[in-house]
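Reader: I have a structure to look at and would like to learn how to read it. Could you take me through it step by step?

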Amino acid sequence: MKILIRDLVAADLSAVAALEAGEPGGWSLGQWTAELARAGGWRLAALDEDGGRLIGYMAGMVVGEEAEIFRLLVAPDCRRRRVATGLLKHLWRLLPGLRVSSCFLEVRSANLAALELYRAMGFVRCGLRPGYYHDPEDDAVVLARPVVSDHEAPSKAVIGPARKRTRKGAGSKSVPDHGVAVAAKGRRPVTGTS
Ligand SMILES: CC(C)(COP(=O)(O)OP(=O)(O)OC[C@H]1O[C@@H](n2cnc3c(N)ncnc32)[C@H](O)[C@@H]1OP(=O)(O)O)[C@@H](O)C(=O)NCCC(=O)NCCS
């Protein structure tokens with residue numbers, strides 16, 4: 001399937017809320033409204049090839065030299081079709097321009113789909129936060145990936161031990177909108193794909 005990636009906007013929030021409602025611990029509409037109002041970071045939307053349906057999204061922020069992904073979700077009926085991969089590849093094209101050196105995230109230790117996705121995208125485990133999640137209780141696995149330009153292999157850069165937590169919102173950088181079409185699994189690539 002082909003997907004279109006652009007900035008997430010307020011008009012998307014009802015579709016976002018519907019997807020969040022189907023996820024344990026999903027964000028409320030109020031949380032997403034506050035997230036869109038916050039300065040800095042990125043909120044990317046993945047749409048189906050007609051641009052008519054929101055099928056996934058990702059949110060994150062940049063603090064100093066670190067980027068952090070804190071939300072990534074794909075509609076259940078569109079999973080395993082490389083939508084999340086397309087969003088992450090799009091992010092890799094944005095981050096080098098923001099002068100960050102690494103990208104971090106936390107994921108539940110029981111979330112094997114996400115762990116496998118991030119492993120496939122070059123993230124490595126760099127820490128564990130026991131009991132970090134509740135309802136249900138779970139450990140957080142901290143993953144990191146170096147931020148390199150497109151022509152550099154991730155293995156050429158080095159990730160250190162788990163970094164200190166940074167306060168969200170502090171010193172965050174704005175990310176420009178670069179809506180593009182990318183090819184997800186199941187169809188031949190389109191022009192200008194990832
Ligand atoms: C995790 C999630 C974002 C993956 O999205 P997706 O669009 O289905 O992922 P992709 O199709 O890009 O998958 C790429 C690779 O990740 C791995 N992967 C993805 N889902 C997987 C699963 N359920 N089981 C095992 N591996 C999986 C595979 O290696 C896959 O490649 P393959 O299909 O060729 O085997 C999606 O399952 C989701 O929204 N889950 C609920 C929310 C969530 O857990 N978000 C992440 C929290 S940080």
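Reader: What share of the 194 residues of the protein counts as buried?

Author: A residue is buried if 20 or more other C-beta atoms lie within 10 Å of its own, exposed if 12 or fewer, and partly exposed in between, with C-beta atoms placed from the backbone. Here, 29% of the 194 residues count as buried. Keep in mind that this is a predicted model: local features need pLDDT of at least 70, side-chain atom pairs count only at pLDDT 80 or more, and totals for chains, interfaces and linings use all residues. Residues are numbered from 1 along each chain as its sequence is written.

Reader: Thanks! How many helices and strands does the protein have?

Author: Helices (H or I, at least four residues) and strands (E, at least two) are DSSP runs, numbered from the N terminus. This protein has four helices and eight strands. Along the sequence they follow the pattern β-α-α-β-β-β-α-β-α-β-β-β.

Reader: Which strands does strand 3 pair with?

Author: Two strands pair if DSSP finds at least two bridges between them. Strand 3 pairs with strand 2 in the antiparallel sense over six bridges, and Leu47 stands opposite Leu54 in strand 3. These two strands form a hairpin with five residues between them, and Gly51 in the turn has a positive phi of about 75°. Strand 3 also pairs with strand 4, antiparallel again, over eight bridges; there, the bridge partner of Gly60 is Ile69 in strand 4. That hairpin has two residues between its strands, with Gly64 in the turn at a positive phi of about 60°.

Reader: And how does strand 5 pair with strand 4, in the parallel or the antiparallel sense?

Author: Strand 4 and strand 5 pair in the parallel sense over four bridges, with Ala67 opposite Cys103 in strand 5. Together with helix 3, they make a right-handed β-α-β unit. Right-handed says that, with the strands pointing away from the viewer, the path from the first strand over the helix to the second runs clockwise. Strand 5 is also joined to strand 7 by seven bridges, and these two run antiparallel; Arg108 has Ala140 in strand 7 as its bridge partner.

Reader: Which residues touch the most other members of the largest nonpolar core?

Author: A nonpolar core is a set of buried Ala, Val, Leu, Ile, Met, Phe, Trp, Tyr and Cys residues joined through C-beta atoms within 7 Å. The largest one has 43 residues, and Ala46, Tyr57, Leu87 and Leu143 touch the most other members. Among the elements that supply at least two residues each are strand 1 (2–7), helix 3 (83–94) and strand 7 (138–146). Strand 3 gives the most, with eight residues. That strand is mostly covered: 10 of its 10 residues are buried.

Reader: What is Tyr57 in contact with?

Author: Two residues are in contact if their C-beta atoms, placed from the backbone, lie within 7 Å. Leaving aside neighbours within four places in sequence, Tyr57 is in contact with Leu8, Val16, Arg43, Leu44, Ala45, Ala46 and Leu73.

Reader: Last one: how many residues surround the ligand?

Author: A residue is near a molecule if its C-beta atom, placed from the backbone, lies within 6 Å of it. Here, 20 residues surround the ligand, and the closest are Arg79, Ala84, Thr85, Ala113 and Leu117. Helix 4 provides the largest share of this shell, six residues.
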